[in-house]
Amino acid sequence: MNAPTERPAPAAAGSANEFDVVIVGAGFAGMYMLHRARGQGLRAVVFEAGDGVGGTWYWNRYPGARCDVESMEYSYQFDDTLQQQWHWSERFAPQPEILKYANHVADRYDLRRDIRFSTRVTAAHFDEAGARWNVTTDRGDQVSGRFVVMATGCLSSTNKPAFPGLETFTGPTYHTGEWPHEPVDFSGKRVAVIGTGSSAIQSIPIIAKQASELWVFQRTANYSVPARNAPLDPGYEARIKAEYQAFRARNSQMMGAFGSAFPRSEVSIFSASDEERDRAFAERWNRGGLGFQGAFADLMINPNANEIAADWVRERIREIVKDPATAELLCPTQVLGCKRMCVDTGYFETFNQPHVHLIDIRPGGIEAITPRGVKAAGREFEVDAIVFATGFDAMTGTLLRIDVRGRDGVSLRDAWAAGPRTYLGLNVAGFPNLFTVSGPGSPSVLTNMIVSIEQHVNWIAGCMAWLRAQGRRTIEATPQAQEAWVGHVNAVADTTLYPHCNSWYLGANVPGKTRVFMPLIGFPDYVKRCDEVVARGYEGFAVA
Ligand code: N01
């Protein structure tokens with residue numbers, strides 16, 4: 001695993017294959033990085049595995065896919081004309097519309113001419129003598145770059161459990177994170193969905209509309225809040241657009257960089273009466289979306305506070321789901337919010353339909369996939385198609401599939417053997433001039449991703465400009481700064497309930513993955529810290 005044989009050859013000096021910046025990925029991070037690099041007159045190239053832009057929104061085309069962050073917030077803010085001109089049709093934008101937006105951005109800034117599509121980067125090796133990165137792709141490209149920016153996304157390598165007998169199934173199989181581009185029609189089909197995370201919770205109500213029988217295989221029940229999605233209110237859109245920049249500034253002060261219209265309460269649940277608690281929860285439940293978690297200040301800090309909120313949600317599930325046994329199975333028992341909360345449209349209601357069945361697989365998991373279906377809970381379920389909604393090898397999966405080697409040929413895989421270690425989630429000690437956008441150790445997946453992406457790209461672009469102005473060649477985290485940062489990320493997590501269950505934030509969903517809480521909690525403090533690092537002359541970085 002540690003020593004792929006491929007060796008990137010240096011690009012011929014002065015050739016068309018020498019770049020200032022090599023960017024990996026053409027999602028929202030890679031596209032904006034390209035735009036910023038060009039703005040500095042840098043020569044940049046982007047490699048993208050898909051045949052189009054959009055990253056997550058290119059791959060996750062499963063039925064019902066939509067953003068859990070409100071559309072007026074889930075967009076770039078670097079160009080006021082862009083945000084004024086773009087119109088979202090719904091409160092929570094559906095995947096096709098977000099993909100349309102990504103394509104619009106690519107066209108508007110003429111990005112495609114520097115993107116090589118259907119091309120996967122396989123290796124990036126640092127050449128000490130030239131202080132350049134040699135980058136190789138699966139299509140035989142060999143380019144070099146002074147900087148490499150890994151804009152590879154946090155949820156871009158699917159987790160496909162090695163269920164015994166998987167290859168014997170005679171019908172079609174799908175993974176939500178690699179959904180076909182052609183429409184998939186489940187009409188009249190018996191369908192199995194394995195997994196009950198966000199992707200499953202969004203897709204199950206839609207699949208149930210077509211399938212003749214739907215079997216949902218659940219290992220862990222999840223908390224989900226109704227989206228209350230609706231056409232975007234033109235009055236709301238006009239109000240936001242009248243003060244878009246101020247709205248963005250307010251959102252950037254939120255822990256997750258979104259939701260300032262309905263911020264987290266500062267009130268402890270223990271200072272509220274039963275009626276006040278019920279009112280606060282109901283208000284957020286009825287409003288819809290992830291704001292539910294902010295009903296009281298201490299829900300993610302105090303286990304007893306969390307349990308009160310969890311009980312409240314379980315009561316709603318029992319009200320919605322008619323069959324008491326199914327309702328009980330759908331009631332989560334883990335800490336609310338320590339696995340990413342889900343946002344749904346009719347998820348729990350779907351289980352009231354007679355052709356939708358919930359199978360508890362906790363005792364033995366999926367026992368096997370057979371030619372005819374799924375074996376679990378001691379019986380075989382015959383189905384025509386299987387949907388794997390089994391998630392991702394999050395945050396590190398894609399980076400570690402690339403053979404990245406820094407100083408002295410040390411591989412990133414070895415450097416991260418005990419879990420990912422970064423400084424600010426932006427760089428790894430020993431890997432000069434290599435940046436990770438929304439890397440582990442940054443707020444990334446606990447925020448409105450597009451805001452975190454822009455903050456990182458701005459920081460990286462600023463750093464590149466500074467190096468040039470200073471006449472310096474390389475920048476890299478010092479091991480001391482990195483160790484201190486890793487300690488800080490863990491210390492912050494340990495003040496909360498986030499590490500208290502088997503979530504993908506911890507890598508717990510992938511067998512054998514080192515368990516480390518990967519994202520940093522708290523966007524505003526993080527941004528402040530990044531700015532301070534710059535103000536102090538890139539404190540914690542070695543510059544040469
Ligand atoms: O993946 P998940 P996801 N046998 O890891 C189960 C973002 N997202 O694609 O919990 C049986 O959450 C697993 O069970 P368990 C969002 O950040 C955003 O749904 O590990 N089951 C779980 O139920 C989200 O958190 C949006 O016990 C197995 C499910 O598969 C993240 O993506 C929409 C199994 C995986 O759930 C990932 O969501 C969708 C096995 N061997 C996603 N392995 C929007 O913003 C795993 N499971 C709209």
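Asp-110 counts as partly exposed, because its relative accessibility is 39%. In this predicted model, Asp-110 sits in the loop that runs between α4 (95–108) and β3 (115–116). Its phi angle is near 50°, a positive value in a residue other than glycine.

Ala-131 also has a positive phi, near 50°, and is likewise a residue other than glycine. Its place is the loop between β4 (121–127) and β5. Ala-131 counts as buried, because its relative accessibility is 5%.

Strand β5 covers residues 132–137 and includes Arg-132. Arg-132 is buried and yet has no salt bridge. Why is there no salt bridge, when Glu-18 is the nearest side chain of opposite charge? Glu-18 is 4.6 Å away, and a salt bridge requires a side-chain nitrogen of Lys or Arg within 4 Å of a carboxyl oxygen of Asp or Glu. A polar atom of the Arg-132 side chain does lie 2.7 Å from the backbone oxygen of Phe-19. Leaving aside neighbours within four places in sequence, the contacts of Arg-132 include Glu-18 and Phe-19, and also His-125, Phe-126 and Asp-127. Ser-144, Gly-145 and Arg-146 are in contact with Arg-132 as well.

Arg-284 is found in helix α8. Arg-284 is buried and has no salt bridge; Glu-283, the nearest side chain of opposite charge, is 5.7 Å away. A polar atom of the Arg-284 side chain lies 3.5 Å from the backbone oxygen of Gly-294. With neighbours within four places in sequence set aside, Arg-284 is in contact with Phe-262, Pro-263, Arg-264 and Ser-265, together with Gly-291, Phe-292, Gly-294 and Ala-295.

Ala-295 is located in the loop between α8 (274–287) and α9 (303–320). Is Ala-295 buried or exposed? Ala-295 counts as buried, because its relative accessibility is 4%. Not counting residues up to four places away in sequence, Ala-295 touches Ser-265, Ala-280, Phe-281 and Arg-284. Asp-274 is 21 residues from Ala-295 along the chain, and the C-alpha atoms of the two are separated by 13 Å.

**Salt bridges**

How many salt bridges does the structure hold? The structure holds 30 salt bridges. Among them are the pairs in the table.

| Pair | Closest N to O separation |
|---|---|
| Asp-114 and Arg-38 | 2.8 Å |
| Glu-90 and Arg-66 | 2.9 Å |

Arg-66 counts as partly exposed, because its relative accessible area is 22%.

Arg-362 is exposed, with a relative accessible area of 51%, and Asp-360 is partly exposed, at 21%. Elsewhere, salt bridges that share partners join Arg-190, Arg-372, Glu-380, Glu-382 and Asp-384 into one network.

**The ligand site**

Which residues are closest to the ligand? Of the 24 residues that surround the ligand, the closest are Arg-66, Thr-196, Ser-199, Thr-220 and Lys-339.

A polar side-chain atom of Arg-219 lies 2.8 Å from an oxygen atom of the ligand. For Arg-340, a polar side-chain atom lies 3.4 Å from a ligand oxygen atom.

Note on methods. Residues numbered from 1 in each chain as written. Predicted model: local features only at pLDDT ≥ 70, side-chain atom pairs only at ≥ 80, totals over all residues. Heavy atoms only, no water. Helix = DSSP H or I, 4+ residues; strand = E, 2+ residues; numbered from the N terminus. Buried < 20%, exposed > 50% of the residue type's maximum accessible area, 1.4 Å probe, protein only. Lys, Arg positive; Asp, Glu negative; His and termini not counted. Polar contact = N/O pair within 3.5 Å; in protein donor to acceptor, adjacent residues only side chain to side chain. Contact = heavy atoms within 4.5 Å. Near = heavy atom within 4 Å.
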